[in-house]
Amino acid sequence: ITKTMKMVAAAKLKGFQTRMVAARPLGDRITYLIDAMPAALEEISVKDTTNLLVPMTSDRGLCGGVNGNVSKATKALLHELPADT
């Protein structure tokens with residue numbers, strides 16, 4: 001590997017590390033939200049539940065298939081949930 005290639009790889013790695021550190025607060029908040037969720041549906045009276053779906057998709061390039069699958073799975077789950085009365 002040439003010295004130039006090593007410098008380019010180091011610059012890319014630094015960019016990825018910077019974005020990863022910047023995303024940590026979001027990850028911490030998501031972890032907090034997941035930990036705060038109530039127990040499984042079997043343990044809670046059905047009368048007392050409200051459903052909240054938060055589909056998360058990617059904004060990176062070439063992820064149309066992934067985003068489409070998330071959308072389809074969300075729509076399928078919406079049809080399985082009991083309707084509000």
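Start with Thr-74, whose side chain reaches the backbone oxygen of Val-70 at 2.8 Å. That falls under polar contact, a pair of N or O atoms within 3.5 Å; within protein, one must be able to donate a hydrogen and the other to accept it, and residues adjacent in sequence count only if both atoms are side-chain atoms.

Before going on, this is a predicted model: local features need pLDDT of at least 70, side-chain atom pairs count only at pLDDT 80 or more, and totals for chains, interfaces and linings use all residues. Residues are numbered from 1 along each chain as its sequence is written, and side-chain values use heavy atoms, with hydrogens and water left out.

Thr-74 sits in helix H2, residues 64-80. Helices here are DSSP runs of H or I, at least four residues, strands are runs of E, at least two, and both are numbered from the N terminus.

Is Thr-74 buried or exposed? Thr-74 counts as buried because its relative accessibility is 18%; buried means under 20% relative accessible area, exposed over 50%, and partly exposed in between, with a 1.4 Å probe and protein chains only. Of the 85 residues in the chain, 2% count as buried.

Leaving aside neighbours within four places in sequence, Thr-74 is in contact, meaning heavy atoms within 4.5 Å, with Leu-53 and Pro-55.

Thr-57 lies in the loop between helix H1 (3-35) and H2, and it counts as exposed because its relative accessibility is 51%. With the neighbours within four places in sequence again left aside, Thr-57 is in contact with Asn-67 and Val-70. The C-alpha atoms of Thr-57 and Asn-69, 12 residues apart along the chain, are separated by 9.5 Å.

Last, H1. It bends by about 35 degrees at Arg-24, and a proline, Pro-25, follows within four residues. The bend is the angle between axes fitted to the seven residues ending at a residue and the seven starting there.

Overall, the chain has two helices and zero strands.
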